Amino acid sequence: ELETKMLRDFAQAAGLEIEWIDIFRSEEAFQRLIQGDADLSISEVPIDRSNDPRLRASVPIALQRFGVIGRHDQPIENPLGLQGKNLAVKLSSPMWPYLDQLRAVVADLRLQVLPDDLSQADILQAVSNGTYDAALLASEFSTEPAANYPLLKNLFDLTGPEPVSWYVREDQAKLADQLNEFIKRYHTAYNIPDPS
């Protein structure tokens, strides 16, 4: 909601009209941009494509980390501990390239694809009640998603603080400049300041 509101406000300020394109996977967002089917993506691109020279990232609008959440009774401390476990992951996660590589190394890692409209609370509840052994979640860098779930804990992080950016094609310099100017000027109006 935050990002779509920001994008609508940006489009209005820049005199642009939005034509929405629905995508389901982060790789699809990347391909649509590269092929010229889209001018801007507020969807994340795969983590291994975020530095592609054909893309230009906006200034960050937030920081997030990707972590694996599980129950306190799970002795999992790193990705190798996921052997024989089922890990719930949203379909649009930009971490799929990494997970595909991990699946080749970790025996019997079962990836459970979750729909994007499933809330974080629903995912955490499913891990808490044992539907999934663990879940890969993106969260704001300064928050602990499992804090309100006494049976859950952060098992390990897959990334440190990763910038949340929007993407345009490298040849869209004017659009990128307009976007960055808008974000720098107004981003604090959309985010609650974090004292840390």
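Predicted model: local features only at pLDDT ≥ 70, side-chain atom pairs only at ≥ 80, totals over all residues.
Start by selecting Pro75, which counts as exposed because its relative accessibility is 73% (exposed is over 50%, buried under 20%, partly exposed in between, with a 1.4 Å probe and protein chains only). Pro75 sits in the loop between β3 (62-71) and β4 (86-90); strands (E, at least two residues) and helices (H or I, at least four) are DSSP runs numbered from the N terminus.

Residues are numbered from 1 along each chain as its sequence is written, and side-chain values use heavy atoms, without hydrogens or water.

Next, select the open sheet of 3 strands, ordered β1-β9-β2 with antiparallel pairing (two strands pair if DSSP finds at least two bridges between them). Its edge strands are β1 (40-41) and β2 (55-57), each pairing on one side only. Between β2 and β9 (residues 167-169) there are 3 bridges; click Arg56 to find its bridge partner in β9, Val168.

Now move to the largest nonpolar core, which has 17 residues (buried Ala, Val, Leu, Ile, Met, Phe, Trp, Tyr and Cys joined through side-chain atoms within 4.5 Å). Leu82, Leu87, Leu99 and Leu136 have the most contacts inside this core. Helix α3 (96-105) is among the elements giving two or more residues, and α3 gives the most, with 3.

Last stop: another core lies apart, with 14 residues, including Leu7, Val168 and Ile183.
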